[in-house]
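Thanks for making the time this morning. I would like to walk you through one model, beginning with a single helix and then widening out to the chain.

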Amino acid sequence: MILRNDVVELSRIDSLPSQENAAPTFIVKPDNTIELKDLAEASNYDSLWMKELYQSAQLSGQMYNLVGSMGEVISDTIAHQSVELDTELLKARLKALDEKTPFNIAYNPSLESVIKSFLIRKKDLMERMLTASQFYFPLFEQELDNHNIPLEIKYLAIVESALNPRAKSRVGATGLWQFMYSTGKMYDLDVSSYVDERSDPVKSTKAACQYLSKLYDIFGDWDLALAAYNSGPGNVNKAIRRSGGYTNYWNIRRNLPRETAGYLPAFLATMYLFEYAEEHGLKPVEAARPYFETDTVRVKRLITFDQISRMVEVSKEELTVLNPSYKLNIIPYLSDKKYTLRLPRREIGKFVTNEDSIYAFVEEELKSKESPLPQLVKADSRIRYRVKSGDYLGKIAERYGVGVSQIKNWNGLRSNNLRIGQRLTIYPRKPFVAATSPKSAVKTVNNSELKFHTVKEGDSLWTISQKYPGISIENLREWNGIRGNKLLPGTRLKLCECPS
């Protein structure tokens, strides 16, 4: 079956009459919903199925905690509770899996305990994953195949995020494949006030495949590649050295970080339960509309989920499931970006046919909107933060949406102690969101007196942008021809797109 991920260009169909003189193609009803006039009735929407997917997004925390506990010895109470799983039968099934996968799957008591723990403690979770997998696995399998990666790697996304594209770990990793901000940037996953491409199922899966391929090239072993995906190549190399040179995951496991020690067992247990779901009575909800029964169109104007929902009769909850990378339920428009809208395939034609009318309505509605929409602002790839009186690592980490351990790693800190005036390198996860008029995409300062800022000691592009609402770091760079982050005290910076 062919997975549909191609982008349909939104352009006027030549055979259609000009929209300028044609009668309106939609009706605004008294309840402010829109009825498109010239297409067949809307596609059937299976609310139960989409509700299942929407609710599955709440399960990533459970999986994160479960994987973390797998690194510990599972208690006798858990491991020896009555489960319909004969050890000899398990050995035979694991041997069969080993013969058809590139992973080193062999029976050991630890793996048996993890499988039994899943069946006892998280059987419902695994059934929900069987349901959600029908939506995402076809996408994963195509991309894995394109990169010549074992298809079984698709189970990794369950361990990482419980198939929640908006999952966020406590250290800031985001998306189905749990990319940190800096790693995502390495693979061109952008973050802005509107968009987090780490949550885009297609783009993040491509990036995960590239990263996994690189890790396999380093270690030549998929077990070690997965361990490195979780904790980094450096931690795997240290575990190999501390073990005396072993390169088998199970031999270096005790030298790995706690979470990574439970990572591969959780992955193998998930693979086993998916392969033998029926034998264990795991019953998913059947997919009413898999991922490959959707398609994308490229947007040509800023548009909100609320407006889309009213136009094509797809609920905002479903739009959130289909378009998880849009953080504010708004799809922005930039001429140099290809932001797309994913819809059920039947709705694509309706949107394309009525494109001109839809955007005309959206523009009029945004003009009359009392509260302006947030302006799209890029997240800066790096800032230099100057420690002030009263600062501490937790406070700084919360401000920029990162973890304390990340700040320590980025700056080589061995303790939590800071000194006033100290400079810290930070890769922020929280881009600044500014309000702006929907009529203009260019940020300016209305107060004519605020045309310049004189750089003072301790100023940075970030702190200056914070002082002047509506101005971003990118604005300051563009208006003043700045390439890096270094500012000299006394420099006059323009605060508008205006002559010097």
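**Helix α11 and its surroundings**

The buried residues of α11 pack against α9 (201–219), α10 (222–231) and α12 (249–252), where contact means heavy atoms within 4.5 Å, and buried means under 20% relative accessible area, exposed over 50% and partly exposed in between, with a 1.4 Å probe and protein chains only. This is a predicted model, in which local features need pLDDT of at least 70 and side-chain atom pairs count only at pLDDT 80 or more, while totals for chains, interfaces and linings use all residues. Residues are numbered from 1 along each chain as its sequence is written, and side-chain values use heavy atoms, with hydrogens and water left out.

Helices (H or I, at least four residues) and strands (E, at least two) are DSSP runs, numbered from the N terminus. In α11, which spans residues 233–242, the buried residues are Val 236, Ala 239 and Ile 240. They lie on the same side of α11 because they cover an arc of only 100° around the axis, the arc being that of the directions from the helix axis to the C-beta atoms. Arg 241 and Arg 242, on the other side of α11, are exposed. After α11 comes Gly 244, with a positive phi near 95°.

Now to the whole chain. The protein chain has 22 helices and 13 strands, and buried residues make up 52% of its 500 residues. Of its contacts with a separation of 6 or more, 71% are between residues 24 or more positions apart.
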